[in-house]
Every structure is written in structure tokens, then in C-alpha cells.
Amino acid sequence: GLKLIDIRAVLLDPVDLRLKNDKLDVRRAEIREGARRFGWKTRRKKPGADKGPVKRGLGVASGLWYSLGRPPAGARVDIDAQGRVDVYCGGQDLGTGTRTIVAQAVAEELGLKTKDLRSHIGDTDWPFAPSSGGSKTAPSLVPVFRTAGYQLRLRLEAEARKQLKLRPKAAVTLLDGKAFPRGKPAQSVTLAQLAAKLPAAQRSVTAERAPNWKELSRIV
């Protein structure tokens, strides 16, 4: 139902009014950051101060579209012995970029560019994805593809430590198709060299979408 607000609240600064009544920490942080970037606190002139009939000012507004992303959703990420990475998704692309975003999520984990990956979508032989609609495709799929990319990265990092003869917990960076000790790019091996040494079963990763963070779940 409607939430009654004391009439004195309408005299509050519009940003302060929203911060006072919005209980979600994430959205409050977004409002503060938006106000900072627009210079809300230092905005010039009082209302109507411009000369002539045309007035210019700075306003604030906020909106909400509930996130419908949630399980079930799956992902599969493969790397072949030549170091080429493929991502597989049963979902569709209605022009909103599904093919791109699933590759992008994995590319960021592996230190690659999105164009370096090959996306395969729209086949029921591949991991389950939600129907395309209601703003649920991207928030359902991206977390699980990031998880799959992260799991593959861990396998590649472990193999890199072997090939580079590093300590068991030494930090490894993956970047531009190579792996190297953090801060030492000259001592590198390629992803192809790493993948070629992995057993075939270790070159394919599947993952399932985890539940939403508890605070976000309360508003959907």
C-alpha cells in the first residue's frame, strides 16, 4: 500500500528525501554516487534565476525495475588444446546482446577480449537458460558464466604454476592469452600451452546459477 510521509518531508532536498525513504543499501549508494557525479551539492542558481522565458536547472529522479534474474540457469565453458575458448548457452538473443554478454563475463575472468571467444546459443543440448523476456536473461546468465570462467581460470592458474615452477599459492595473472607470475609478464606461458597439458575432462567447465544475494531477494 501507499506509504504516508510527513508533509514536512516534501521540503527536504530531493536527494535527501530519497535517501531517507529508500531502505536498500545498493540503491542508496547509487543515489549518492549519481548526486556526486552531477555536482548536486554545488549546483548553481536558485529556481527561476535565469533571465527570459527559458529556464535551465538540474533535477533528480529515480526509478526501479525489479531484477528477475535467479536460478535455474546453467553455463558451459570449453578451452581446446590450442587455447581457443567457447561458451555454450541454451538461451536466445532477441537483440539484447545475450551472445555478447555471456562471452564478456568469461573473457573478463580469463584476461581475454570478448572477440577472442566464440559464443554458441539457442540449442537445447546446451545448458538451460531462462526465456528471453522480463529483464531476466542477463541477470540470470551472467553470474553463472562468470562462475564457470572463474573455475576454468583456477585450473589454468594451477597448471601455470606447474609449468613456471612457482610456489603452490603464488599469484598468477592471465592476460591477453598468456599466464605469468604477477608483475612479471616476461616469464609467461600461453593459454594454449596450459590447455594442451590439461586432461580433456579438465578443459570443459559447467556451472549452475546460485541463488541471489539475500538482500536483493527480498525485493523481487
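Start by selecting α3 together with the parts that cover its buried residues, among them β1 (74-79), β2 (85-89), β3 (117-121), α4 (137-164) and β4 (172-175). Keep in mind as you look around that this is a predicted model.

**Helix α3**

How far apart are the end C-alpha atoms of α3? They are 19 Å apart, and this agrees with the 18 Å that 13 residues should span at 1.5 Å a residue.

Next, colour the buried residues of α3. They are Thr-98, Ile-101, Val-102, Ala-103, Ala-105, Val-106, Ala-107, Glu-109 and Leu-110. As you turn the helix, here is a handy rule: an α-helix has 3.6 residues a turn, so residues three or four places apart point the same way.

Step just past the end of α3 and click on Gly-111, which takes a positive phi of about 70 degrees.

**Zoom out**

Show the whole protein again. It has six helices and seven strands, and they follow one another along the sequence as α-α-β-β-α-β-α-β-β-β-α-β-α.

How does the radius of gyration of the protein stand against that of a compact globule of 220 residues? The globule would be near 17 Å, but the protein has 24 Å. Along the principal axes, the C-alpha atoms fill a box of roughly 70 × 40 × 35 Å.

The accessible surface comes to about 14200 Å², and carbon and sulfur atoms account for 55% of that. Buried residues make up 34% of the 220 residues. If you colour by charge, look for 42 positive and 22 negative charges, whose mean positions are 6 Å apart.

Select Leu-11, in the segment before α1 (14-21). Is Leu-11 buried or exposed? Its relative accessible area is 73%, so Leu-11 is exposed.

Now pick Trp-126, in the loop between β3 and α4. Trp-126 and Ala-75 are 51 residues apart along the chain, yet their C-alpha atoms are separated by 8.0 Å. With a relative accessible area of 22%, Trp-126 is partly exposed. Which residues is Trp-126 in contact with, leaving aside its neighbours within four places in sequence? Select Arg-76, Tyr-88, Cys-89, Gly-90, His-120 and Ile-121 to see them.

Contacts of this kind can be counted over the whole protein too. Among those between residues at least 6 apart in sequence, 66% join residues at least 24 apart.

**Backbone stops**

For the last part, switch to a backbone view. Most residues other than glycine have a negative phi, and most peptide bonds are trans.

- Go to Pro-71 and Pro-72, which are joined by a cis peptide bond with omega at about 0 degrees. Pro-72 has its place in the loop between α2 (25-37) and β1.
- Move on to Lys-165, in the loop between α4 and β4. Its phi is positive, near 55 degrees, in a residue other than glycine. At 73% relative accessibility, Lys-165 counts as exposed.
- Finish at Asp-176, in the loop between β4 and β5 (178-181). Although Asp-176 is not a glycine, its phi is positive, at about 55 degrees.

Conventions. Residues are numbered from 1 along each chain as its sequence is written. This is a predicted model: local features need pLDDT of at least 70, side-chain atom pairs count only at pLDDT 80 or more; totals for chains, interfaces and linings use all residues. Side-chain values use heavy atoms; hydrogens and water are left out. Helices (H or I, at least four residues) and strands (E, at least two) are DSSP runs, numbered from the N terminus. The radius of gyration is taken over C-alpha atoms; the globule rule is 2.2 Å times the number of residues to the power 0.38. Buried means under 20% relative accessible area, exposed over 50%, partly exposed in between (1.4 Å probe, protein chains only). Contact means heavy atoms within 4.5 Å. Accessible areas come from the Shrake-Rupley method with a 1.4 Å probe; for residues, only the protein chains shown count as cover. Lys and Arg count as positive and Asp and Glu as negative; His and the chain ends are not counted. The place of a charge is taken as NZ of Lys, CZ of Arg, CG of Asp or CD of Glu. The expected span of a helix is 1.5 Å times one less than its number of residues.
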